[in-house]
Amino acid sequence: MRLVPRWALLPSMSAPVLLIAGWTGAALLEGPAYDPARQTISVLAAYGAPGFWVMSGALLALGLCHLLTAWGLRAAALAGRVALGGGGLAAFAVVLLPAPSSGGSLRHGSVAVVGFTLLAVWPVLAADRSTEAPWGLRPVPSWAATSVMGAGALWFVFESNDNGAAGVAERFVTSFQSLWPLVVVLSCLRHPGSRSDGNAGDPTGYAGDDPR
């Protein structure tokens, strides 16, 4: 089985920390006029906003973390790794196409939807149906993760249309999406076939055939 190198733990662990730190710091710069329960993260990253550089920097770092995790997640199916990496690239696009200070933006909204979709489907695309797959790559947990993200998206749409707690719904979905790669990486590293279980000396991070 192809395994996950230990360095993949760093970007997968950093992703949720950077995202939450980004929107927290940007919201502090916005001041009391910003309502995190009702307003979205895009407001913080809007061009000209007080927290623009903080939130934009966090999104760029998040995208890089997803790209590095996708690169190192060798135990996952290629389609899932591509989708996860695509979600990282979409984070770059969101920064390059920020929301306007007022009103909506079709370009910004489109890249945000693409990014969300890629990050929502990557668990299913990365799933390994073999009986020896790490827990995080098995079909049931993978489908469960995608289902939670899908339900969160529906919640966000409902709150947005109802002028409700759209900020809470968006933060729930994005937090879960940033955390799931860490869950998968940890499950791979703790799997019996991991590097730490007999392949620590192999600098490539691959498990070779057992000579016995």
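Predicted model: local features only at pLDDT ≥ 70, side-chain atom pairs only at ≥ 80, totals over all residues.
Which helix gives the most to the nonpolar patch? H6 does, with three residues.

View 1. Residues are numbered from 1 along each chain as its sequence is written, and side-chain values use heavy atoms, with hydrogens and water left out. The protein has seven helices and zero strands. Helices (H or I, at least four residues) and strands (E, at least two) are DSSP runs, numbered from the N terminus. Of the 212 residues, 46% are buried. Buried means under 20% relative accessible area, exposed over 50%, and partly exposed in between (1.4 Å probe, protein chains only).

**View 2. A nonpolar patch lies on the surface.** Its members are Val-148, Trp-155, Phe-158, Val-168 and Phe-172. Together they have about 430 Å² of accessible area (Shrake-Rupley method, 1.4 Å probe, only the protein chains shown counting as cover for residues). Patch residues have over 30% relative accessible area and no salt bridge; like charges are joined within 9 Å, nonpolar side chains (Val, Leu, Ile, Met, Phe, Trp, Tyr) within 5 Å. A salt bridge is a side-chain nitrogen of Lys or Arg within 4 Å of a carboxyl oxygen of Asp or Glu. Helix H6 (139–161) and helix H7 (166–189) each supply at least two patch residues. Phe-172 sits in helix H7. Phe-172 counts as partly exposed because its relative accessibility is 38%.

**View 3. Asn-163 lies in the loop between H6 and H7.** Its phi is near 55°, a positive value in a residue other than glycine. Asn-163 counts as exposed because its relative accessibility is 61%.

**View 4. The largest pocket has a volume of about 830 Å³.** Of its 31 lining residues, Ala-112, Val-113, Phe-116, Glu-170 and Thr-174 are the closest to its centre. Helix H2 (41–44), helix H3 (52–72), helix H4 (78–96), helix H5 (106–125), H6 and H7 each give two or more residues to the lining. H5 gives the most, with nine. On a 1 Å grid over the protein atoms alone, a pocket is an open set of points where a 1.4 Å probe fits, with protein on both sides within 12 Å along at least five of seven lines; lining residues have an atom within 4 Å of a point. Points are joined across faces, edges and corners, and a volume is the space filled by probe spheres set on them.

View 5. Cys-65 counts as buried because its relative accessible area is 8%. Cys-188 is buried too, at 3% relative accessibility. The structure holds zero disulfides (pairs of cysteine sulfur atoms within 2.5 Å).
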